[in-house]
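These are my notebook entries on one structure.

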Amino acid sequence: MRVLWFANTPSNYSASGSAYNGYGWVSALESAISGQVQLGVAFLTRSNPRDMTLRQVNLVSHKVKWGKDFQHGVMYYPVFNGHDKNRSGRFMLLLHGDKKQEAELVETYRRIVEDFRPDIIQVFGSEHSFGLVASQTKVPVILHVQGLMGPCFKSYLPPGSSWRQYILSPFRPGLVLYKIYSREKWRRAVERERRILSGIRYYLGRTWWDRQQVSQIRPDAVFFEGGELMRRPFYETDADPANLPAELTLVSTISEAPYKGFDLILRTGKILREEYRLDFKWTVFGNVEPRYFEIFTGISVAEAGITLGGVASAEQLAAEISHASLYVHPSYVENSPNSVCEAQLLGVPVVATSVGGVSSLIDDGRTGFLVRSGSAEEIAERIVAMYRNRELLRSVGRNARAEALKRHDREKIASSLLEVYRQLV
């Protein structure tokens with residue numbers, strides 16, 4: 001069986017320099033199934049294929065190029081998008097729109113399909129234009145839901161903020177222009193996502209929220225339930241829920257997007273320090289730019305007792321989280337965050353806001369703790385209560401690990417995905 005993936009990451013392609021928080025979950029899935037199907041992986045890259053050592057380089061336009069490279073049994077298709085490579089290109093997209101970019105990328109995807117001749121096409125996520133390939137082929141296309149742009153854009157800003165405040169805080173011309181571009185890019189992506197979801201019938205997801213959101217746009221969607229593999233270090237790191245640190249140690253992994261809730265982390269940290277007089281260590285990993293959140297909340301990172309860990313490898317994250325008392329996930333919107341699942345794999349109790357599909361991952365009080373969205377008071381209260389009940393912390397950690405090991409069983413997930421492929425063929 002020949003399976004072609006369109007993915008947001010280069011997966012296991014060794015010539016790519018992309019390593020944001022590790023190579024990610026797609027690469028783990030590739031490792032699990034690449035020997036059981038003939039696999040191709042297409043992905044966007046900022047590296048020009050003409051500068052790579054590739055078997056073949058193809059020109060769609062002077063802006064869009066694609067190549068092919070066969071490594072360890074997988075055919076990789078790097079796609080270079082010169083429209084979105086630098087500030088001048090983004091400024092032109094802001095002024096003139098992205099119709100030309102979209103047309104050239106979709107033509108690239110069509111040519112890759114013709115070259116690989118797949119039996120099945122799997123698209124990872126709906127945030128890029130990959131899903132539009134469904135209109136270019138009769139090959140069955142299945143979309144693996146990995147977060148949806150529409151709901152995220154609706155909740156992009158924290159309650160009480162405005163776009164004007166977000167764009168102008170802090171006021172730096174380059175940053176202001178970038179935020180204006182990002183907002184417009186999101187707006188266009190939401191419109192494109194609706195077209196993608198309308199044009200694809202088959203979906204793979206793991207929460208009721210995934211199914212509900214898809215069915216609102218595509219009522220006749222065929223939805224397959226499937227788990228996701230986590231990154232290898234989270235399976236291999238020694239995990240002992242009984243071994244709690246003496247000091248309250250908190251970890252969060254989020255991105256720069258405001259809906260990920262860094263403002264709640266600042267508010268919660270301040271409450272822990274000033275109202276509960278609690279000593280703690282709270283490390284936040286990810287590409288967080290804190291200044292807007294400091295201006296919005298009036299709370300500095302130092303005042304909240306937060307340490308910014310920056311972008312970390314999967315190995316570093318697994319090591320840090322495995323030695324934490326609690327993992328805190330403060331998002332305003334989510335479908336099924338893998339960061340929560342990774343913490344559970346390590347036997348670390350999770351305190352998370354009850355949004356989107358998070359309740360599908362956490363049985364409140366047994367495998368983690370759910371709190372009201374947007375409430376720093378509830379997050380702080382739950383953190384303190386759990387830290388003072390260390391036996392419950394250990395019990396929840398053990399339960400979470402047991403459930404996560406079943407939910408993310410590598411052989412079971414690979415077998416289930418192959419069965420979905422067989423059904424579609």
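Predicted model: local features only at pLDDT ≥ 70, side-chain atom pairs only at ≥ 80, totals over all residues.

Residues are numbered from 1 along each chain as its sequence is written, and side-chain values use heavy atoms, with hydrogens and water left out.

**Entry 1: aromatic pairs**

I recorded 22 aromatic pairs in the structure. Rings of Phe, Tyr and Trp (its six-membered ring) pair if their centres lie within 6.5 Å; planes under 30 degrees apart count as stacked, over 60 as edge-to-face and the rest as tilted.

I looked up the pair of Tyr-13 and Phe-43, which is tilted, at 5.5 Å centre to centre with 45° between the planes. The pair links distant parts of the chain, 30 residues apart: Tyr-13 is in the loop between β1 (2-7) and α1 (25-33), and Phe-43 is in strand β2 (residues 38-45). Helices (H or I, at least four residues) and strands (E, at least two) are DSSP runs, numbered from the N terminus. Tyr-13 counts as buried because its relative accessibility is 0%, and Phe-43 counts as buried at 1%. Buried means under 20% relative accessible area, exposed over 50%, and partly exposed in between (1.4 Å probe, protein chains only).

I then turned to Phe-262 and Phe-293, an edge-to-face pair with 5.4 Å between centres and 75° between the planes. This pair also links distant parts of the chain, 31 residues apart, with Phe-262 in helix α9 (residues 262-274) and Phe-293 in helix α10 (residues 291-297). Both Phe-262 and Phe-293 are buried.

**Entry 2: charges over rings**

A charge sits over a ring if NZ of Lys or CZ of Arg is within 6 Å of the ring centre and within 35 degrees of the ring normal. I found the charged end of Arg-2 over the ring of Phe-116, 4.3 Å from its centre. I also found Arg-410 over the face of Tyr-235, at 4.3 Å from the ring centre.

**Entry 3: nonpolar cores**

A nonpolar core is a set of buried Ala, Val, Leu, Ile, Met, Phe, Trp, Tyr and Cys residues joined through side-chain atoms within 4.5 Å. The largest such core has 83 residues, and Phe-6, Ile-121, Leu-250, Phe-262, Leu-272, Trp-282 and Ile-306 have the most contacts inside it. Helix α14 (residues 376-387) gives the most to this core, with 7 residues. A second, separate core has 55 residues, including Met-52, Val-74, Val-355 and Ile-362.

I listed the contacts (heavy atoms within 4.5 Å) of Phe-6, leaving aside neighbours within four places in sequence; among them are Ala-42, Tyr-109, Ile-121, Phe-124 and Phe-130.

His-144 lies in strand β7 (residues 141-144). Is His-144 buried or exposed? It counts as buried, because its relative accessibility is 4%. A polar contact of 3.4 Å joins its side chain to that of Glu-228. Such a contact is a pair of N or O atoms within 3.5 Å; within protein, one must be able to donate a hydrogen and the other to accept it, and residues adjacent in sequence count only if both atoms are side-chain atoms. Beyond four places in sequence, His-144 is in contact with Gln-122, Val-123, Phe-124, Gly-125, Leu-204 and Glu-228.

Glu-184 is in helix α6 and is buried, with a relative accessible area of 18%. The side chains of Glu-184 and Arg-188 are joined by a polar contact of 2.8 Å.

**Entry 4: backbone**

Most residues other than glycine have a negative phi, and most peptide bonds are trans. I noted a cis peptide bond from Ser-169 to Pro-170, with omega near -10°; Pro-170 is in the loop between α5 (163-168) and α6 (173-199).

Phi of Ser-11 is positive, near 55°, and Ser-11 is buried at 0% relative accessibility. Phi of Arg-277 is also positive, near 50°; Arg-277 is in the loop between α9 and β11 (280-285) and is exposed, with a relative accessible area of 68%.
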